[in-house]
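Q: I'm new to this one. Can you walk me through it?
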Amino acid sequence: MRYVSTRGGVDPITFSQAVMMGLATDGGLLLPEAFPQVAQTDLRRWSGMPFPELAVEVMHPYMGSDISLQQLSELVERSYSGFSHPEVTPVVKVGEQYVLELFHGPTAAFKDVALQFLGNLFELLLERSGGHLNILGATSGDTGSAAIYGVRGQQRIDIFILHPHNRVSPIQERQMTTVLDGNVHNIAIEGTFDDGQCIVKELFNDLEFKTEYSLGAVNSINWARILAQVVYYFYAWSRVSDGDTGCKLTFSVPTGNFGDIFAGYVAMRMGLPVERLILATNRNDILSRFVNSGIYQARKVHHTLSPSMDIQISSNFERYLYYLVGEDAGKVRALMEQMRREGMMSIPEALRRQVGELFHAEAVSEEETLEQIATTYREQGYILDPHTAVGVRAAGKFPGTICLATAHPAKFGEAVQRAIGCEAPPPSSLQGLMDRETRCQILAADTQVIKNFIEHKLSERHE
Ligand SMILES: *Cc1c(COP(=O)(O)O)cnc(C)c1O
């Protein structure tokens with residue numbers, strides 16, 4: 001299997017190269033040249049299969065000879081043995097809908113499913129190449145902790161995560177700063193999340209620094225993250241359908257960066273019987289407006305009860321766009337250029353109709369989110385986190401939908417409290433968090449200061 005860029009400027013590369021490259025060098029996103037096809041006999045055979053075995057079956061065809069079946073089994077085993085539920089991503093019936101619980105990993109949010117795997121995959125590839133990777137990222141909350149947990153304790157990786165000092169929730173802050181492994185470096189900057197992102201961008205643009213320190217990113221543009229997320233679509237389908245290949249199912253996905261829902265699209269392209277994908281957004285509705293109008297245009301970012309979806313420019317959207325325009329990299333380039341120049345792009349009506357045949361999109365308001373948490377609790381005794389509630393709300397018209405639950409409700413106590421008057425009991429991973437020892441460096445929101453800190457830390461570490 002070879003990988004190409006949505007913008008056509010990368011000669012086909014292997015799976016390992018695509019994982020280490022992250023963002024394509026031409027500014028586009030990497031994609032497999034073709035989707036491996038899953039036969040109906042496979043779908044039947046996979047029904048009832050444990051998650052780790054299924055993960056190997058789904059992912060291995062994407063790796064070619066880069067990674068053996070045995071190596072992949074070990075990677076998968078290591079990545080998911082830390083999940084607190086024996087099924088890893090269980091499906092539970094909640095009223096007329098199904099809820100696919102993706103929050104049983106170490107940070108209680110769905111990003112663990114991909115980042116636990118990516119961390120181990122990085123380690124394997126670095127062992128082979130003899131290299132060392134320094135991961136650098138800015139977080140507004142969830143991604144930072146999931147990335148830290150993905151690589152903590154690894155020999156060939158150091159991770160530097162910037163978060164805005166006193167501006168992430170206490171739980172989110174503690175999830176990061178209580179990780180005391182020597183390769184984890186938390187930096188609280190005296191500034192906002194945007195300041196953090198700006199600094200990270202500047203450091204990545206400092207090519208000398210980037211090369212000397214082998215800087216890497218873990219944001220959702222890495223193909224391996226998408227791939228790890230494809231697995232649970234197959235898993236959920238096999239649990240609900242019992243392997244009946246005539247059973248087409250609908251998935252509802254709370255969406256920000258289009259990563260999770262794009263994984264559902266990939267599953268469908270591989271042959272999973274999908275009836276419909278429900279794209280659920282909060283007030284930050286660029287994606288739902290696109291599905292309903294064919295116009296992709298960013299507006300101001302609103303802060304909502306579902307902060308991990310407070311995004312206006314979706315980093316994975318370009319991957320879907322590539323397929324929509326018939327895998328024509330020239331057309332993608334032109335549309336992205338239009339986006340850059342005019343702040344918007346639009347697609348012809350015929351294509352918009354094609355989008356509408358697969359996707360049903362809805363933007364869910366704050367009131368509706370709280371109402372959904374309250375209703376589901378009152379009627380079913382089940383507590384939804386605000387992100388999951390957005391997806392459940394958008395699926396209202398479609399009974400029998402598999403709704404992706406992207407975070408544990410205890411992580412978003414304030415919203416849950418407002419909706420139902422009490423908080424959800426914390427999972428074991430969040431218990432005692434506030435009493436543990438922490439380590440974090442508070443620094444000025446200044447690129448040079450951060451750069452000096454990274455250089456100093458790394459020279460200390462590699463003495
Ligand atoms: C990141 C995140 C999302 C959005 O996922 P995308 O892949 O960016 O669309 C939804 N819910 C939670 C809890 C998240 O952390």
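Q: Is Leu-124 buried or exposed?
A: This is a predicted model. In it, Leu-124 is buried, because its relative accessible area is 15% and the cut-off for buried is under 20%.

Q: Which helix is Leu-124 found in?
A: Leu-124 is in helix H5.

Q: And what does Leu-124 touch, leaving out residues up to four places away in sequence?
A: Leu-124 touches Ile-67, Gln-71 and Leu-75.

Q: What separation do the C-alpha atoms of Leu-124 and Arg-156 have?
A: They are 9.5 Å apart. Along the chain, the two residues are 32 residues apart.

Q: Back to the helix. At what angle do H5 and H6 pack?
A: About 35°. H5 covers residues 111-129 and H6 covers residues 142-151. Their axes are 7 Å apart.

Q: Is that crossing of H5 and H6 left-handed or right-handed?
A: The crossing of H5 and H6 is right-handed.

Q: Which residues meet there, between H5 and H6?
A: From H5, Lys-111, Asp-112, Leu-115, Gln-116, Gly-119 and Asn-120. From H6, Thr-143, Ala-146, Ala-147, Tyr-149, Gly-150 and Val-151. By class, the H5 contact with H6 has five nonpolar, five polar and two charged residues.

Q: New topic, the sheets. What is the strand order in the open sheet of five strands?
A: The order is S8-S5-S6-S7-S15, and the pairing is parallel.

Q: Which strands stand at the edges?
A: Strand S8 (215-216) and strand S15 (441-444). Each has a single partner strand, so one side of each is left without a neighbour in the sheet.

Q: How many bridges join S7 to S15?
A: Four bridges, with S7 (residues 184-190) and S15 running parallel. Ala-188 stands opposite Ile-442 in S15.

Q: Which strands of the sheet does H6 touch?
A: H6 packs on the sheet and touches S5 (133-138), S6 (157-164) and S7. Its direction makes about 165° with that of S6.

Q: What about H7, which strands does it lie across?
A: Helix H7 (residues 170-177) lies across S6 and S7. It runs at about 160° to S6.

Q: Now S14. Which way do its residues point?
A: Ile-402 and Leu-404 point one way from S14 (residues 402-405). Cys-403 and Ala-405 point the other way. All of them are buried.

Q: In what sense do S4 and S14 pair?
A: Strand S4 (residues 97-101) pairs with S14 in the parallel sense, over four bridges. There, Val-99 has Cys-403 as its bridge partner.

Q: And how many bridges for S9 and S14?
A: Two, also in the parallel sense, with S9 at residues 249-254. Cys-403 is the bridge partner of Ser-252.

Methods. Residues are numbered from 1 along each chain as its sequence is written. This is a predicted model: local features need pLDDT of at least 70, side-chain atom pairs count only at pLDDT 80 or more; totals for chains, interfaces and linings use all residues. Side-chain values use heavy atoms; hydrogens and water are left out. Axes are lines fitted to C-alpha atoms, for helices over the stretch in contact, and angles run from 0 to 180 degrees between N-to-C directions. A crossing is left-handed if the near helix is turned anticlockwise from the far one by less than a right angle, and right-handed if clockwise. Contact means heavy atoms within 4.5 Å. Ala, Val, Leu, Ile, Met, Phe, Trp, Tyr, Cys and Pro count as nonpolar, Asp, Glu, Lys and Arg as charged, and the others, Gly among them, as polar. Buried means under 20% relative accessible area, exposed over 50%, partly exposed in between (1.4 Å probe, protein chains only). Two strands pair if DSSP finds at least two bridges between them.
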